[in-house]
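Subject: Structure handover

Hello,

Here is the structure for you to look at. Please open it alongside this note, then read on for what turned up.

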2 protein chains.
Amino acid sequence: MNKKSNILILLIFLLSIEQITGQVNKDSELSKGLILTSEGITQIKKNLGTVPLFDNSLQDVKEEVDAEIKIGIQVPIPKDMAGGFTHERHKNNFFIAQKAGVLFQVLGDEKYSNFVKDMLMEYAKIYPKLPLHPEDRSYSRGKIFWQSLNDANWLVYMSQAYAGIYSWLSKEERDHLEQDLFRPFADFLSIENPQFFNRIHNHSTWGNAAVGMIGLVMNDEELVQRALYGLEEDNIKEGAKDDDGGFIKQPGQDAGFIANIDQAFSPTGYYTEGPYYQRYAMYPYMIFAEALQNKRPELNIFQYRDRVLIKAVDALLNLTDTDGEFFPINDAQKGMSYHSRELISAVDIAYHFGDKDPSLLSIAKKQNRVSLDDKGMSVALAIRNNEEKPFVKKSMELTDGQDGKKGGLAIIRSKNEADILTLVMKYPTQGDSHGHYDKLSFSLYNNGDEIIQDYGLARFVNIDQKNGGGYLKENTSWAKQTIAHNTIVQNENSHFNGNFEIGAKFHSEKHFLDFSRPEFQIISAKENNAYPGTNMHRTMAVIQSPVSEQPLVVDIFKLSFEKQNKYDLPYYYLGQIIEANFEYNSPEILEKLGANNGYQHLWKEGIGSNEKPNTKFTWLADNKFYTLTSITDKNDSLIFARLGATDPLFNL
Amino acid sequence: MNKKSNILILLIFLLSIEQITGQVNKDSELSKGLILTSEGITQIKKNLGTVPLFDNSLQDVKEEVDAEIKIGIQVPIPKDMAGGFTHERHKNNFFIAQKAGVLFQVLGDEKYSNFVKDMLMEYAKIYPKLPLHPEDRSYSRGKIFWQSLNDANWLVYMSQAYAGIYSWLSKEERDHLEQDLFRPFADFLSIENPQFFNRIHNHSTWGNAAVGMIGLVMNDEELVQRALYGLEEDNIKEGAKDDDGGFIKQPGQDAGFIANIDQAFSPTGYYTEGPYYQRYAMYPYMIFAEALQNKRPELNIFQYRDRVLIKAVDALLNLTDTDGEFFPINDAQKGMSYHSRELISAVDIAYHFGDKDPSLLSIAKKQNRVSLDDKGMSVALAIRNNEEKPFVKKSMELTDGQDGKKGGLAIIRSKNEADILTLVMKYPTQGDSHGHYDKLSFSLYNNGDEIIQDYGLARFVNIDQKNGGGYLKENTSWAKQTIAHNTIVQNENSHFNGNFEIGAKFHSEKHFLDFSRPEFQIISAKENNAYPGTNMHRTMAVIQSPVSEQPLVVDIFKLSFEKQNKYDLPYYYLGQIIEANFEYNSPEILEKLGANNGYQHLWKEGIGSNEKPNTKFTWLADNKFYTLTSITDKNDSLIFARLGATDPLFNL
């Protein structure tokens, strides 16, 4: 008897929870999904099994999540740097939880909602007592990860996971999660870390999106406003810097998501840090914008600033070689491409919430994967219906600066039979803390092959053994220095003396450009501040001439200076040396090229000079020959150098 | 009137030639095609348009030849080395002529037969007065090319071109071509160059095939016999050597095509020079064998020596990584694969004239191209009919030596989920003049990626600026030396003191092997002659252990010696250094590792030692980590070295 009545009581109790739930969440509110909307779910269920790209993406995700469910949930106490166990586990958790949330909404199988709930409950259990992460390398330490940035990543994904099971949870469960986990988590990322939250920087964009997205799910207007417009009070001193040496606060700087849209992009959609970080930042920009479009349509966020977010996706797709890999401008890991996770959702969002640009479909087709939501179905359906058009990358200028008047980046593309030669010339602002001292530098590609290369960054992302996956000191001593780039170095000093504060004050200036004739495309730009008293002026043209089957690149570097200086102009050819038309020595021992500013990282493999007025140097790359012909004086030194000196840990 | 009668006379004259032609070439003789037979042509014509692989191959060849016909025939006076204009032009000529001959037979369009005829007539015009090629670098200079070897290539292909239009030409035309071009050409390659023709070597195989094939077309039995059994008299001294340092004549050596089949292959089909040269030699072996099968079926050449030619194709396909690239054993250019021209015809021939092995079809399908003849149609038809089976590469031993008792090569393959780890261990004979001093060396692959690499050769094939495309002196000073390989070096001397005569006398010995259990595969071999008084014994195993997700490679090198020596054991890891568990210095200047025997080409980038008994060294290759764990003594030196010293022309 006793047993029976207990059960009866329990049932009644459960029923009452459901009633309460039904009262609190008005239908109208619940139907507005964060990312997956109820219309989207209807559309997906209707078309499932008939749209190959969507079906395959769903199948892949299902297999991935099912495998993780089998392994079971692990929420270890945070300890490791990037690449280490706890870091990778927590990172995997938020990716998988977001996917499981999607699967629950699409397939309705409670094994997915239970998985998300159980994982969130584990986090809610440890979070209230979690101290700062034990590694103290960051200017803004996280709790789950070594830096708040990764914690923000966690919340951007977990907000989606939570949204996916929100109405399936009981009010009590939600209250528990929100009080013990989400609200303190959001406050930690914002109020407790204003130096992280209130910047114009990709870090803050992640922070803003994290706080805003959980705010939208929780219907917590205070968090949403904080995300959109920043903290009113932050008590950060102007001129404060982060551990990468970047400014945290500068005069006239606003904060919040809207301010980041305003100030981090030029009107062309160029992101001042460069394409590598633009790729990384595009996810929070686009996914939070999508959530806002669904939940706060009155903001009309995708139309904001003349559609700058949509333009940014287009700019990013154009900042790639023919394999879709991003040009390694500023701090940039080579090999990242528009096949990356962030670009898949960015392309789908730009298609769905933009003008349904059919050329985006051809990129989505190459990505061969879509997001599992309204936008992904929209793209997959259009591809099924053969609506795609080619995405043709043309020569273009991407201006820099909020007003588009702070220099920029020129991309010249020259098509010749099967090959596309691409010249990238750089004359923008410093590029914030991830900028390099490489005014008027260039790089050259033939299709997807680097011919004259840019080094990119010195960092092994996610490899724990290499400084916890963080930036290596060689990033400062080598990768950022001027000598590491294809541009002029004066007296073995880097531009702006390698001083970020000075560099950040200036930008190069476009002199002129003309891309109107495919057979003669030209860009000319000036830099007058990198070396006080010296004016640098570089003009580069790509010419399709009848005298040569292949296009010719012309490079005219004009310098005016007040006193005699030493100038170095490196060309980082990639390939095998075939021939040189000058004599050079071949040293018995290798010495360093210099002592500082990156020179200490180069071995001097040969020095020569040329009596002839034209110095010719030929190398072989991917079965093609390239010749650099330079006007030289017999007093000029011609140096063969190789990277690798002063590198005790073999980081370069 | 005068005009008319002239014409009349001319017509009669033409008719009589055709009558004579008809008389000389009995139908029975003509129907026996050299490569394309009349049955083959019938079969092709019947199936054309319904066999995609054949049709596509035909279309590609047609486009290629049509483009060349438009450009017109050029037969320049020979002058250049490989990579230079005249070399490349003549090389292209024979490839295109062979293809044009095929197109004429298949399509019947006289523009192709005219093209072949006109080209051959141009050659017949210059050949009688052609001196030796002006470059005098070869032990056997050619006339069209700098070496007879390339002239032999010319004749192997031109024989086929000639066969294709043979019965379409008038007897007078044929007589002219044979008297002024083909017969003198064949005599030049044989009687006038016995040192080239009468060897056991890939050069001679080309020479034999060239002379034999033109002999078969011309019905010149003397040439056929000469090709099959060599010159009776050659007046070559025993011990004579070629310009690569290889023996021209050794005791007990026979000559001719049959002798080369007898003596260059082991019973397993392993070719003593290694897979790179086997690939190169397979074309004349297989194409002449095919011609013999068609014209001298009584020889039953494909059954000869227990089907050794068919086995050789199988061996060669097994000597590849998972991308189909040949292991760079001995002198070998990396990147050559079973997609090469020579392997396309070899696979088609092995299928058609062998046992119709359906696993060969899967290789042909990957090659995505077939020969345009009987065998190619046979393969394409079988693929169309879905008859192919996977070609599964297993662990195997390929013995060396005519009797299969002179050591060999072991290939251990270990499959683990998506990855195939492949260990290649080498214990064969010296490998003729292209052999390296690398007894008991090994290399390691993960799928198509080199993990522990073999350097291969020092040569830029067909790149004129690099020693005319020939072997570089660094091939001797570096690539062949022991230190360039993953094996033991004693006292900084190469095996056999780097002396070819001594090395050629010996071979390593298999101790035992067991590939019967996939989870534990082992090979053990000994070398007792490389260093007199020292016995080397290496045992390598690939183990799939439950303690590790990935297979483990165990390497036990046992040495017994009479006196104290210095030993070096290099591991040429390929990738980025991640971590080492020992201290090492990081030099301010780089010095060479040594003075001779290859050591002069290495820069010493760090030296250390380890107090711990296990030295661990981790590197990253293609996103995978590899760790080398060695038992070391605190007195052992651990050296980081990098190739590139003593390399004034940047050849390495």
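Start with helix α13 of chain A, residues 275-295. It has 21 residues, so at 1.5 Å a residue it should span 30 Å. Its end C-alpha atoms are 29 Å apart, which agrees. Please keep in mind that this is a predicted model.

The helix does bend, though. The bend in α13(A) is about 35° and sits at Ala281(A). A proline, Pro284(A), follows within four residues. α13(A) is also mostly covered, with 20 of its 21 residues buried.

**The α10 and α13 pair, chain A**

Which way does α10(A) run relative to α13(A)? The axes of α10(A), residues 202-218, and α13(A) come within 9 Å and cross at roughly 25°. An angle under 35 degrees counts as roughly parallel, so α10(A) and α13(A) are roughly parallel to each other. The crossing is left-handed. On the α10(A) side, the contact is made by Asn202(A), Thr205(A), Trp206(A), Asn208(A), Ala209(A), Gly212(A), Met213(A) and Leu216(A). On the α13(A) side, the contact residues include Tyr277(A), Tyr280(A), Tyr283(A), Phe288(A) and Lys295(A). Ala281(A), where the bend sits, is also one of the α13(A) contact residues.

**The α10 and α13 pair, chain B**

In chain B, the axes of α10(B), residues 202-218, and α13(B), residues 275-295, come within 9 Å. They cross at roughly 25°. That makes α10(B) roughly parallel to α13(B). This crossing is left-handed. Residues of α10(B) that meet α13(B) include Trp206(B), Gly212(B) and Met213(B). Among their partners in α13(B) are Tyr280(B), Pro284(B), Ile287(B) and Leu292(B).

**Another helix pair in chain A**

Next come α11(A), residues 221-229, and α12(A), residues 257-264. Their axes come within 4 Å and cross at roughly 15°. That makes α11(A) roughly parallel to α12(A). Ala227(A), Leu228(A) and Tyr229(A) of α11(A) make the contact with Phe257(A), Ile258(A) and Ala259(A) of α12(A).

**Helix α15 of chain B**

α15(B) covers residues 341-353. At 1.5 Å a residue, its 13 residues should span 18 Å, and its end C-alpha atoms are 18 Å apart, which agrees. Is α15(B) mostly covered or mostly open? Mostly covered: eleven of its 13 residues are buried. Among them are Glu342(B), Ser345(B), Asp348(B), Tyr351(B) and Phe353(B). What do the buried residues pack against? Their partners are α13, α14, α16 and α17 (374-384) of chain B.

**Two positive phi angles in chain B**

Lys356(B) is not a glycine, yet its phi is positive, at about 50°. Lys356(B) is in the loop between α15 (341-353) and α16 (358-367) of chain B. Its relative accessible area is 39%, so it is partly exposed.

Phe496(B) is not a glycine either, and has a positive phi of about 55°. Phe496(B) is in the loop between β6 (489-490) and α19 (500-503) of chain B. Is Phe496(B) buried or exposed? Buried, because its relative accessible area is 3% and the cut-off for buried is under 20%.

- Ser433(A) is in the loop between β3 (419-427) and β4 (442-446) of chain A. At 3% relative accessibility, Ser433(A) counts as buried. Leaving out residues up to four places away in sequence, Ser433(A) touches His201(A), Asp242(A), Asp244(A), Gly245(A), Gly246(A), Asp331(A), Lys480(A) and Phe500(A).
- Leu381(A) is in helix α17 of chain A, residues 374-384. At 13% relative accessibility, Leu381(A) counts as buried. Leu381(A) and Leu53(A) are 328 residues apart in sequence, but 8.4 Å apart in space, C-alpha to C-alpha. Beyond its neighbours within four places in sequence, Leu381(A) is in contact with Gln43(A), Asn47(A) and Val51(A).
- Asp306(B) is in helix α14 of chain B, residues 304-318. Asp306(B) is exposed, with a relative accessible area of 54%. The C-alpha atoms of Asp306(B) and Pro267(B) are separated by 8.0 Å, and the two residues are 39 apart along the chain.

Best wishes

Technical notes. Residues are numbered from 1 along each chain as its sequence is written. Chains are lettered from A and ligands numbered from 1 in the order in which they are written. This is a predicted model: local features need pLDDT of at least 70, side-chain atom pairs count only at pLDDT 80 or more; totals for chains, interfaces and linings use all residues. Side-chain values use heavy atoms; hydrogens and water are left out. The expected span of a helix is 1.5 Å times one less than its number of residues. The bend at a residue is the angle between axes fitted to the seven residues ending there and the seven starting there. Buried means under 20% relative accessible area, exposed over 50%, partly exposed in between (1.4 Å probe, protein chains only). Axes are lines fitted to C-alpha atoms, for helices over the stretch in contact, and angles run from 0 to 180 degrees between N-to-C directions. Angles under 35 degrees count as roughly parallel, over 145 as roughly antiparallel, 65 to 115 as roughly perpendicular and the rest as oblique. A crossing is left-handed if the near helix is turned anticlockwise from the far one by less than a right angle, and right-handed if clockwise. Contact means heavy atoms within 4.5 Å.
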